[in-house]
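I opened this notebook page to look up charged side-chain contacts. The entries below follow the order in which I checked them.

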Amino acid sequence: MSVKILMVCLGNICRSPLAEGILASKLPKDKFTVDSAGTGHWHIGHQPDKRSLETALRNGLDISHQRGRQFSAADFDAFDYIYVMDNSNYADVIALAQTDEHRAKVRLILDEMFPGENVDVPDPYYGMQNGFDMVYRMLDETCDIVAKRLMEKHP
């Protein structure tokens, strides 16, 4: 049975699709499944933002198969780890948690690199392409740490 990881941002078209693609590329597919979702409903069924698609492709990843979906309370039971991109996403996801076990699954992704500092992955949606490039680098570095920890915990 594979370990299931969910990446969550606001719309599921910028940060979480990149995080999904990056982390999935660093983990063995036979042991780990990575998905993404948004706390909002605006982009259900849509491909990631074209700037996320382009950034991923420039870095050797094809995330064009991904489609936006909204986070739901059922995701707490479906996933082992839930990584959120910022404190607002964290609050939205935690608000749906019914148990301490559910709450324990939710983490700010950058806490893996900056423990306890509550650092947000900035939302590049309203910015320029360089914001997507910066977010990619942040997530790539963080996903190295996440992948290493997951593979140590689930050999």
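Which kind of contact do the side chains of E54 and K50 meet in? I found a salt bridge there, at 4.0 Å from N to O, where the term stands for a side-chain nitrogen of Lys or Arg within 4 Å of a carboxyl oxygen of Asp or Glu.

I note that this is a predicted model, in which local features need pLDDT of at least 70 and side-chain atom pairs count only at pLDDT 80 or more, while totals for chains, interfaces and linings use all residues. Residues are numbered from 1 along each chain as its sequence is written, and side-chain values use heavy atoms, with hydrogens and water left out.

I placed E54 and K50 in helix α2 (residues 50–58), 4 residues apart, about one turn of the helix; helices are DSSP runs of H or I with at least four residues, numbered from the N terminus. E54 is partly exposed at 35% relative accessibility, whereas K50 is exposed at 56% (buried is under 20% relative accessible area, exposed over 50%, partly exposed in between, with a 1.4 Å probe and protein chains only).

I then looked up K26, which forms a salt bridge with D140, the closest N and O atoms being 2.8 Å apart. This pair links distant parts of the chain, since K26 sits in helix α1 (residues 15–26) and D140 in helix α6 (residues 129–153), 114 residues apart. K26 is partly exposed at 23%, and D140 is partly exposed at 24%.

In helix α6 I also found E152 and K148, 4 residues apart, with a salt bridge at 3.4 Å between the closest N and O atoms; both residues are exposed.

How values were computed
Helix = DSSP H or I, 4+ residues; strand = E, 2+ residues; numbered from the N terminus.
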